[in-house]
Amino acid sequence: MLFGDVSEELARRVAEALRHVTDIEPPAVLVRVSARSGVDYQCDLAMSLGKRLGKPPREIAADIALRLDVADLAEPPEIAGPGFLNFTLHSSWLEERTTALNGDPRLGAVATRRPRRIALDYSGPNAAKEMHAGHLRSTVIGDAIARLLRFAGHDVIPHNHLGDWGTPFGMLIEHLRDELPAGPYTIGDLNGFYRAARSKFETDEDFANRSRERVVLLQRGDEETLSSWRRMVDESTRHFTHVYELLGIGLSSEDVYGESFYNPFLAAVVDDLTAAGLTEISDGAVCVFPDGFRNREGGPLPLIVRKRDGGYGYAATDLATLRYWTGQRDVTDLLYVVGTPQAQHLAMVFAACRAAGWLREEHRAEHIGFGSVLGEDGRAMKTRAGESVRLSDLLAEAVAHAAGVLDGRGDLSPEVREEVAAAIGIGAVKYADLSGDRERDYVFSWERMLSKNGNTSVYLQYAHARIRSVLAKADQDLTGARVLLGHPAERALALALARFPEAIGAATAGYLPHKLCTYLYETAVVFSRFYEQCPVLDAEGPGVRDSRLLLAELTAKTLTLGLSLLGISAPARL
Ligand code: ARG
């Protein structure tokens, strides 16, 4: 083995050896990176088998070690402590692996042999409302996951589930008819109309009823209603496209499958569910009660498919979505990058779709949840006026902050400075969002995200640019160069480079981009230690300078590729 995931390969070998030791059903074997010095990987399998095999784990470890064939990669495993198997890779193997990376644009990461076809639901802002900081997370995390899954070799279809249907539009259209404001409206106008309509809806019963009737007209395809609706959606889409461009997110209008898209399928959803005996009428509404969901009082929890007034809601659209993607688009996976507050909604939708047969054995439906963005006071991020922060303001501010960091850099032309400011500012916002465990809330802090130290994109971008400048100074053709690992800091760097596929694998399998962030940060730190301890341009000894330049170049490539999979650019000069 030369390319691919080393820990996975070691785990495969351990599993193979175990089959010679016992005929029990083998558990999943995990081999992890070891924190102990002199040890690269470790495996605690023997400890988990002690009870089942009725033997001291150290003995089991010894039995496994005896059968284990890793000679091509590593030293014979060592048995340590209560029964760990410790692995140390041959430095000569690491030299070969690192040298071979030079010609591999994937830096050792091997594409999947089982590609899946994935509809990835992310971003999903609501039309007639400005996109706010909360949609930032879905957009940024979703984009990174799309990039990771594509890199792994899967077929990813972005699915931008725009909130462009239902009650809000009934309200908005009625409001516009009442007030007759002169068009064209900007997204800011629409935002204002929405707020006014919402408060009328809550206080004025006649208006609320008219709004509900208007939704039904909309859902029935009334031409006048539709044209009013279309104007609002078009203006909103222009706004979203602008934000995606600022963010460098590759979502286009072709990726929009808004709630309205599913309108033609809603009646069939009710029919199918009813034919399958899954619906009940409750309070005049058509409901599904998926198994296993209870309200606070312990009663069954409904998923409302069609409301009493004949209108369809959010749940109906989501049911239609799954039915469409598995039925007409042949996807194997449906992934939803949506905030954790919607966990129960999605779980109920998935359960109902399983019951209806729209999700079958071969399909995977998963909610990729995430926490909220908080202000520095630890509460939901708000402007001073108490409104939620607009995403376009936030991004403009990010770029302005980054330009501040670059102030006084007369060596950069104004155009380059602008480009670099965008790379730093937008990168910082994205990285701050991606580098923490997505399930947790995170505190938005300009100071922290733009710091040149610590686990930030700015730190990684600087590390990358510094390496590029060393390489530019050397101006050397490295084709055919070989990696030599004479110094421990060189070996540590080669090992970090060999772990790229593991980091990618962990980030992709669990939809956890932060694992890639952590890896990139650790690699940059290992590089800086190497750079302190091992002269590069002034290296002495045959082949050493070339080897160190190659290590530096591979580090730069790893940072560039890793950041690009997070949707962040790495300028050559900062
Ligand atoms: N528009 C929704 C919101 O802002 C998000 C849509 C998520 N996707 C879905 N299929 N429900 O909360």
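This report walks through a predicted model, from its overall build to its helices, domains, ligand shell and a few single residues. Local features here need pLDDT of at least 70 and side-chain atom pairs count only at pLDDT 80 or more, while totals for chains, interfaces and linings use all residues. Residues are numbered from 1 along each chain as its sequence is written.

**The whole chain**

Along the principal axes, the C-alpha atoms fill a box of roughly 85 × 70 × 40 Å. Of the 574 residues, 44% count as buried. Here a residue is buried if 20 or more other C-beta atoms lie within 10 Å of its own, exposed if 12 or fewer, and partly exposed in between, with C-beta atoms placed from the backbone. Among the contacts with a separation of 6 or more, 72% come from residues 24 or more positions apart. Two residues are in contact if their C-beta atoms, placed from the backbone, lie within 7 Å.

Two helices can be set side by side by their spans. The expected span is 1.5 Å times one less than the number of residues.

| Helix | Residues | Length | First to last C-alpha | Expected span |
|---|---|---|---|---|
| Helix 13 | 391-405 | 15 residues | 21 Å | 21 Å |
| Helix 16 | 457-474 | 18 residues | 26 Å | 26 Å |

In helix 13, Leu391, Leu394, Ala398 and Ala402 are buried. Seen down the axis, the buried residues of helix 13 fall within an arc of 75 degrees, so they line one face of the helix. The arc is that of the directions from the helix axis to the C-beta atoms. As background, an α-helix has 3.6 residues a turn, so residues three or four places apart point the same way. The buried residues of helix 13 pack against helix 5 (133-151), helix 9 (223-247) and helix 14 (414-434).

Just after helix 16, aspartate 475 takes a positive phi of about 45 degrees.

In helix 3 (residues 57-67), the buried residues are Pro57, Ile60, Ala61 and Ile64. They cover an arc of only 100 degrees around the axis, which puts them on the same side of helix 3. Their cover includes helix 1 (6-21), helix 2 (45-53), strand 3 (78-80) and strand 4 (84-87).

**Domains and ligand shell**

The domain assignment gives domain 1 (6-89) and domain 2 (90-111 + 463-574); such bounds come from an automatic or database domain assignment. The C-alpha centres of domain 1 and domain 2 lie 29 Å apart. Their contact takes 8 residues from domain 1 and 7 residues from domain 2. On the side of domain 1 that touches domain 2, the residues divide into 5 nonpolar, 1 polar and 2 charged. In this scheme Ala, Val, Leu, Ile, Met, Phe, Trp, Tyr, Cys and Pro count as nonpolar, Asp, Glu, Lys and Arg as charged, and the others, Gly among them, as polar.

Around the ligand sit Asp121, Gly124, Asn126, His161, Gly163, Asp318, Thr321, Tyr336 and Val338. A residue joins this group if its C-beta atom, placed from the backbone, lies within 6 Å of the molecule. The shell has 2 nonpolar, 5 polar and 2 charged residues.

**Residues worth a visit**

Arginine 137 is found in helix 5 and counts as buried, with 23 C-beta neighbours inside 10 Å. Leaving aside neighbours within four places in sequence, arginine 137 is in contact with Phe370, Val373 and Asp433. Arginine 137 and valine 337 are 200 residues apart in sequence, yet 8.8 Å apart in space, C-alpha to C-alpha.

Serine 91 lies in helix 4 (residues 91-101) and counts as partly exposed, with 17 C-beta neighbours inside 10 Å. Not counting residues up to four places away in sequence, serine 91 touches Leu485 and Arg491.

Most residues other than glycine have a negative phi. Alanine 128, in the loop between strand 5 (117-121) and helix 5, has a positive phi of about 65 degrees and is buried, with 24 C-beta neighbours inside 10 Å. Aspartate 283, in the loop between strand 7 (279-282) and strand 8 (285-288), has a phi near 60 degrees and is exposed, with 9 other C-beta atoms within 10 Å.

Key:
Helices (H or I, at least four residues) and strands (E, at least two) are DSSP runs, numbered from the N terminus.
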